[in-house]
Amino acid sequence: MIKDKIVARHLQVAYGPKVIIQTADFAVKENDIFIIMGGSGCGKSSMLRVLTGLLPPAQGTFFVNGIDYPKADDDTKLEIMKKVGILYQSGGLFSSMTLAENVALPLQKYSDYSPSTIADLVNLKLSLVGLSGFNDYYPAEISGGMKKRAGLARALALDPQIVYFDEPSAGLDPISSARLDDLMKDINQNLGTTLVVVTHELDSIFNIGTNSIFIDAATKTLTAHGNPHDLLKNPPNENVFNFLTRGRENAKTAQ
Amino acid sequence: MTQLINFSINNNTLTLSLGGAFVHFEQTDQLYNTANSAPIKKIIVTSDNSLKNWDSSLLLILFKLKNIADTRKIDFQTQNLPDGLSRMLLLATAVKPHHDTPLNHHDPLLDRIGGYWLNLYNVFMKGFDFAIDNISALLKFVRGKSVTRKVDFLFALEDCGPKALGIVSLISFMVGLILAFVGAIQLKTFGAQVYVASLVTIGMIRIMGAIMVGIIMAGRTGASFAATLGTMQVNEEIDALKTMGIPISDFLVLPRLAAMIIAMPILTMLADFMGMLGGGFVGVLLLGIPASEYWKYSWQAWSMSSFWVGIFHGFVFAFIISLCGCYYGINSGRNADGVGVATTKAVVSAIVWMIVATGIITFIFERLGI
């Protein structure tokens, strides 16, 4: 039976008195590539901040592996976060560390591997993302796409069960973006990792997404939940249809 | 379930058999040493159906064996491995390791020494040009012909002036207090404690007030200028200004430079006063000098020339702090480290140049008899 990895219940996202998302209910199944989509400024990244524990929910809660995360004690939260990897929009690499040191950091902190095994695992993780031989490079010395891949290598360091991606395609050329999509699919299919991806790139959404939610900026609620291809075939409302077709279908009808 | 791992060599072939669960497993070097040194022509990795649960630690074993096989140019085969594991191994070995092409060009020693000094000269000249550009921009600003935004200037003035009053007052008071204490210990031996008032007054108004304000403002405001402009460099805001044809000196440097020029002499006056107050606190309350006596000696020691020397120092330090802060901020690296380095350089160079300037000013005024 497929388990729910993340379940959100009446989740409200807000910054102080400013409500970003009124209420959200959804479930991310094990081995999903779950897309959080919506227009610019709808609160996708804020939702990700809540799910990664950076922003407490204003109301409601969410469960990770069945544990009520906001109510868990600090030790439990740490245990959960050890099983989670995060790829930030710009990679989030520490600029004063080489790529190898960046990837090694979570292994040194949270695993009991020997230093030589950690060095070997760092080589493996960098090779998996196509950065073999770039161990001694600093983030400032590599391109934006390479930074994202190095960030992914770090996110995968501890063999996480869940990996969050914040706008993975942002700032990448189409080929790099497609390669990153393929890499994400490989990780999902071969390692069984559940991926939660915040994006508004339609190519990525249709290429990798197995499940999704749509955040409507106007109503500040989730107005769609399901496989992106199914949502395109049977859009539940006009905003979802416009988003998934870049508004072109409406334009064609108008012409 | 634990891991099952066996290897054997038959017919020049190293066969590795895997089974069970491989989670956080750490392989000893024996397998790799054998693969590296045994007279083999092939490595075969095989698994039985019991191999179910695995993580990167198993993938690492395969990855290392594959690399050894590639290095030794021997055959590597996998049999009956889980699909995901085989595909991850393919992914990990798909891209050949990157190798930097070493530069075969080595400069002779003399060239390198010459290059170092030439570079130092260029850096100095770049800084000098920056200072000249901004001083001429300041003259344009005074004539009202600059594109400086008034609101930026007012923000900078608030930051350099009112917001710095507290720290400048506190530190100057403490410096006056310490000066009086240290002076009193020496003057007591001659029975001349009352001259503590003269010592504190001359010390504070002529140089100490300005130096203390300079050091506080270099650490507080100069660092802030460098960090702000450095972050603007990281966010490409400075590139945007350049491509829009807006002079950086007018838009970013001048508001800060003008604000410092106005704030520093006033802060120096405040520091002079607070230092004298600190000295008076020690003299009157702790050394028992009558208040009227203390102020009489203070007033006797007061001279307008010393006062103006102090204010002039403050004026010069304003240029040094703001130009160092802005120069290093604008020329910052484009990452977090770069901003940190720029901030450090801004503060250190401002303090060094203030000390150099103090030496030069003191020498000139000494020669002029001021």
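This is a predicted model: local features need pLDDT of at least 70, side-chain atom pairs count only at pLDDT 80 or more; totals for chains, interfaces and linings use all residues.

Residues are numbered from 1 along each chain as its sequence is written, and chains are lettered from A and ligands numbered from 1 in the order in which they are written.

**Entry 1: domains.** I looked up chain A and got domain 1 (4–83 + 163–254) and domain 2 (93–159). Their C-alpha centres lie 26 Å apart. I then checked who touches whom, counting a contact when C-beta atoms, placed from the backbone, lie within 7 Å. Nine residues of domain 1 of chain A meet eight residues of domain 2 of chain A. On the domain 1 side, helix H6 (residues 174–191) of chain A gives the most, four residues. Helices (H or I, at least four residues) and strands (E, at least two) are DSSP runs, numbered from the N terminus. Chain B splits into domain 1 (3–94) and domain 2 (137–368), with C-alpha centres 68 Å apart.

**Entry 2: chain B against chain A.** How many residues of chain B are in contact with chain A? I find 21 residues of chain B in contact with 21 residues of chain A. On the chain B side, helix H2 (56–72), helix H3 (83–94) and helix H12 (336–368) each give two or more residues. H3(B) has the largest share, six residues. By class, I get nine nonpolar (Ala, Val, Leu, Ile, Met, Phe, Trp, Tyr, Cys and Pro), six polar (the others, Gly among them) and six charged (Asp, Glu, Lys and Arg).

**Entry 3: H2(B).** I read 17 residues and a reach of 24 Å from first C-alpha to last, close to the 24 Å expected, which is 1.5 Å times one less than the number of residues. Its buried residues (20 or more other C-beta atoms within 10 Å of their own, C-beta atoms placed from the backbone) include Leu58(B), Phe63(B) and Ile68(B). The buried residues of H2(B) pack against helix H4 (115–128) of chain A, and also against elements of chain B, among them strand E2 (13–20) and H3. After H2(B) comes Lys73(B), with a positive phi near 60°.

**Entry 4: the sheet in chain B.** I see four strands in an open, mixed sheet, ordered E1-E2-E3-E4; pairing takes at least two DSSP bridges. E1 (3–10) and E4 of chain B are the edge strands. E3(B) and E4(B) run parallel, joined by five bridges. Val45(B) stands opposite Thr78(B) in E4(B).

Key:
Two residues are in contact if their C-beta atoms, placed from the backbone, lie within 7 Å. A residue is buried if 20 or more other C-beta atoms lie within 10 Å of its own, exposed if 12 or fewer, and partly exposed in between; C-beta atoms are placed from the backbone. Domain bounds come from an automatic or database domain assignment.
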